Each structure stands twice: as C-alpha cells, then as structure tokens.
Amino acid sequence: MAKLSIGIVGLPNVGKSTLFNAVLKKQVANVANYPFCTIEPNVGVIAVPDERLAVLAKIVKTEKIVPAVVEFYDIAGLVKGASQGEGLGNKFLSHIREVAAIVHVVRLFADANVVHVGSEIRPENDIQVIEAELMLADLATLEKQKEPRQSAAKTEHFNYKTAVKVRNDLNQGVPVRRQALTAEEKDAIRPLQLLTAKPVIYVFNVSEKQLEDKSATVNQIEAALTVTANGLQPPSQNQAASPPPTPRPGRDDYLYLNAKLESEITAFSPPEQQDYLKQYGLAETGLNRLIKKAYETLGLISFLTAGELEARAWTVARGTRAPQAAGTIHSDFEKKFIKADVIPFQEFVNANGWAKAREMGLVQIVGRDYVMKDGDVVEFKVGL
C-alpha cells in the first residue's frame, strides 16, 4: 500500500509542536472509529477524511469503517546549522529521509509573548533557513559519491554524472525537486534519499485576525514564497534575503491555518466544529485540508471496498493498475489476480449496492490493464 507519511519541520516557536499536538488530539478523538497504533511518541496516526465510507457502510450494512491513514512525524530541532549537527540536527535530518513529503510550518503570526528566532517576522527568511540546511545536508551526501573507475559499468558512470549535475545545481541554490531532471536521472539519485527531492507543502501559521483577512494573508504568503520560487541564495552564502517581489498568483503548494485553533477544535463535536469554522469562512479544518493537499501533492488516490465485514479505503499511487491495487489488500492477490468488478462510488450509491448495480449493468468487469480511479468501489477476483 502506498504510505502517506509526512514530516513536520520548522524553526523553533513557529507553531510546529502546536500543530502536531492537534494531530495527536485528533488521533485520540478518532480511536473509537478505527484501529490505529502509536508507533513512537513523535508519530501521530490519523484517519484520512473520506465521507464516502459512512455512506458505503450504511448500504452494505456494516458497522466497521476502516479509513486510509496518514502518519505525521514531529521532526524537532531544525535550526540554522542543523546540517552540521546543531540542535540534534543529524538525528532529525535522518528522520526526514524516511517520510514521503515534508510539511514546512512557517510563522506568519505576530505575538510579543512568543519569541521568534529572528529579530522580526520575515517568513521568506525562515523558509530560506530551513531550505538551506536541507540543501547543505544533500550536498554532504553528494560529496561522498566517488567517481567510478573507467572500467566500471555504464550505469555507475551515469549515476555519478547525475550526482555531479545535481550537486552543481544545489550549489546554485536550486533544490532537487526544482531541478530539470529526466526520469532516468531521478531514478539514478533515488537511492541517495536526498532531502530536497521530497515534495514540500508550506503551512503558514496565522493569527485569528489573519485567518479572517483572507486577501491580505494570501498576498503576504505568496510574496514570501515568490522569493524562493526560483531557488535560494547559494547555501554557502549567508546573504540577507532581498525584498519580496510581486507575488505570482495561483500557487498550490501551501495552505494556512491557525495551529492553536486546530488544537482546540478537536475537542468539539462535528456540528460545533462546523459552526466555529464558519466564523472564519472555512468549510473544514486545516488538518483535513492538509491531508487532502498531501494526497494531491504525492499523486495518491483511494479506491474503496464495501462488504458485510467492513467499508474500507485503500491508498494507491495515481496510475496504479488493478493487480497492483489488489496487492495492497494482500500480496498474494496481485500474483493470483484474475479480474475485478469495478463501479464508480456515486453509481454504487445510486444503485444501493452490488446486487442492483449488477442487475442494472453498471458494474464493469476489468482485467490486468485497468487503471484504478479515485472512488472506484471494487471487488477483486483471485485464484486459489
């Protein structure tokens, strides 16, 4: 199964721990609704919001609902100098290597009672500090790559050449995820687990007033992000950031929330949450928006299974074919895959279940080449 694991990073006092506490509270709040386990004290496991599951459960008359889950890792101690081990940097940088995506919490709120590591709130500077430390860690990894002997295989020479290319771009302040790499080059560096190759979602922690003033807040965020749109100052330089240029509208790699509010709202009932969120013109919590954004960023979808035992969501990468999707349920299912019965969620609901859907001819029988779609309700047929 495609694993949705997110590492939360940020400078001290930006609200990272408050956001992670909201994750933990949501985990505890959901304990009665689905099985989960706490892996480590710094890992929170919560359900991926999916309203479709309750509908399916009602149709197939089951009380057991098993949503997909997301793992949030609280990666503490990232400060300037982390790449050299400052603030337990080496330990926490190693934790980042294990996650699928990075959530970079950036402080936008002003509060005289909460000290900022800089002299003023400059989100573009905070972004650059974290990004530079990750790039320096990647450079340290790449510098360990040794040039192969002339008699080495072509693959080794290609891998080394790619590492040199990536290192040169990093030295120009361009993180790996923004470098122009071919599919083959990306494959060549994948084993190195480079930190700046991972997708990043920026989460701006705002005040309640900023939450209400959407237009001004979005402009401030996009101006800050535009500073780093084309890479940073080379990480070997410690130059002050230039004033933010005119923002480029329509970015989709960020969201904003009030981490304190997110932590408090987990204690409310769903109707109370909705009423509270309406005050700020929001339809759902920031945590739910973050999980959905992570799905989108990582190219993940959910297919659904519905039977008397349970209604369940399964996470796979977009473009996954039916046999591999079956393998997320059980590894043997991929090997013994014969065919699958598939129907879009809404058609399944309209037909009120499998029996009527088959009778109406709405169920599609698919083979090995079928590419799964988000919301497909599936029954896999496997051999003995």
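Analyst: Happy to. A residue is called buried when its relative accessible area is under 20%, exposed when that area is over 50%, and partly exposed in between, using a 1.4 Å probe and protein chains only. Helices (H or I, at least four residues) and strands (E, at least two) are DSSP runs, numbered from the N terminus. Please keep in mind that this is a predicted model, in which local features need pLDDT of at least 70, side-chain atom pairs count only at pLDDT 80 or more, and totals for chains, interfaces and linings use all residues. Residues are numbered from 1 along each chain as its sequence is written, and side-chain values use heavy atoms, with hydrogens and water left out.

The helix to look at is α12, residues 322-329: 6 of its 8 residues are buried, so the rest of the structure largely encloses it. Those buried positions are Ala 322, Pro 323, Ala 325, Ala 326, Gly 327 and Thr 328. What do they pack against? Their partners are the strands β8 (300-306), β9 (311-317), β10 (337-344) and β12 (376-382), together with helix α13 (331-335), where a contact means heavy atoms within 4.5 Å.

Thr 315 is itself buried, with a relative accessible area of 1%. The Thr 315 side chain makes a polar contact with the side chain of Tyr 295 at 2.5 Å. Such a contact is a pair of N or O atoms within 3.5 Å; within protein, one must be able to donate a hydrogen and the other to accept it, and residues adjacent in sequence count only if both atoms are side-chain atoms.

Now for the chain around this helix. The protein chain has 15 helices and 12 strands, and 50% of its 384 residues count as buried. Among contacts with a separation of 6 or more, 70% join residues 24 or more positions apart. The accessible surface comes to about 19000 Å², with 51% of it belonging to carbon and sulfur atoms; these areas come from the Shrake-Rupley method with a 1.4 Å probe, and for residues only the protein chains shown count as cover.
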